[in-house]
Amino acid sequence: METQKNNPLHGITLEQILIDLEAFYGWKRLGEQINIRCFKDNPSIKSSLKFLRKTPWARTKVEQLYLRFQREING
């Protein structure tokens, strides 16, 4: 199996990304950071995963926010 040295998200599931972001920001602030309805209207990990798996542009925004979050907490 080929390793992905240049992919900082390698080995991190979308579910784990959402859990980490929600724990750090909370749904309200997450919805302010990324303006998508699944974060603002009755948000849950399950509904957000369903939407993000079908919507590449939104998933990209979440992944980019996660990378910024990682840089912020790791200094």
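Rings of Phe, Tyr and Trp (its six-membered ring) pair if their centres lie within 6.5 Å; planes under 30 degrees apart count as stacked, over 60 as edge-to-face and the rest as tilted. By that rule, a search of the whole structure turns up 6 aromatic pairs. One of them joins Y25 and F69. The ring centres of Y25 and F69 are 6.3 Å apart, with 55° between the planes, so this pair is tilted.

The model is predicted: local features need pLDDT of at least 70, side-chain atom pairs count only at pLDDT 80 or more, and totals for chains, interfaces and linings use all residues. Residues are numbered from 1 along each chain as its sequence is written, and side-chain values use heavy atoms, with hydrogens and water left out.

Start with the overall layout. The chain has 4 helices and 0 strands. Helices (H or I, at least four residues) and strands (E, at least two) are DSSP runs, numbered from the N terminus. Along the sequence the pattern reads α-α-α-α. The radius of gyration is 13 Å, close to the 11 Å that the globule rule gives for 75 residues, so the chain is as compact as a globular protein of that length. That radius is taken over C-alpha atoms, and the globule rule is 2.2 Å times the number of residues to the power 0.38. The C-alpha atoms fill a box of roughly 40 × 30 × 15 Å along the principal axes.

The accessible surface of the chain comes to about 5,500 Å². Carbon and sulfur atoms hold 48% of that surface. Accessible areas come from the Shrake-Rupley method with a 1.4 Å probe; for residues, only the protein chains shown count as cover. Buried residues make up 31% of the 75 in the chain. Here buried means under 20% relative accessible area, exposed over 50%, and partly exposed in between (1.4 Å probe, protein chains only).

Now return to the Y25 and F69 pair. Y25 lies in helix α1 (residues 14-33) and F69 in helix α4 (residues 56-74), so the pair ties together parts that are 44 residues apart in sequence. Y25 is buried, with a relative accessible area of 11%. F69 is buried too, at 5%. Ring pairs also link F24, Y25, Y66 and F69 into a cluster.

The largest nonpolar core has 19 residues. Such a core is a set of buried Ala, Val, Leu, Ile, Met, Phe, Trp, Tyr and Cys residues joined through side-chain atoms within 4.5 Å. L21, L30, I36, F39, L52 and V62 touch the most other members. The elements giving two or more residues to this core are α1, α2 (37-40), α3 (45-54) and α4. Helix α1 gives the most, with 7 residues.

A contact means heavy atoms within 4.5 Å. L30 sits in helix α1 and is buried at 0% relative accessible area. Leaving aside neighbours within four places in sequence, L30 is in contact with L21, E22, Y25, F39 and L65. I36 touches F51, L52, W57 and A58, not counting residues up to four places away in sequence. Across the chain, among contacts between residues at least 6 apart in sequence, 56% join residues at least 24 apart.

S48 is worth a stop. It is buried at 0% relative accessibility. S48 touches L18, W27, C38 and F39, not counting residues up to four places away in sequence. W27 belongs to helix α1 and counts as buried at 17%. Leaving aside neighbours within four places in sequence, W27 is in contact with E22, F39, P43, S44, I45 and S48. W27 and I45 are 18 residues apart in sequence and 10.0 Å apart in space, C-alpha to C-alpha.

Finish in the loop between α2 and α3, where N42 is found. N42 has a positive phi of about 55° although it is not a glycine. At 67% relative accessibility, N42 counts as exposed.
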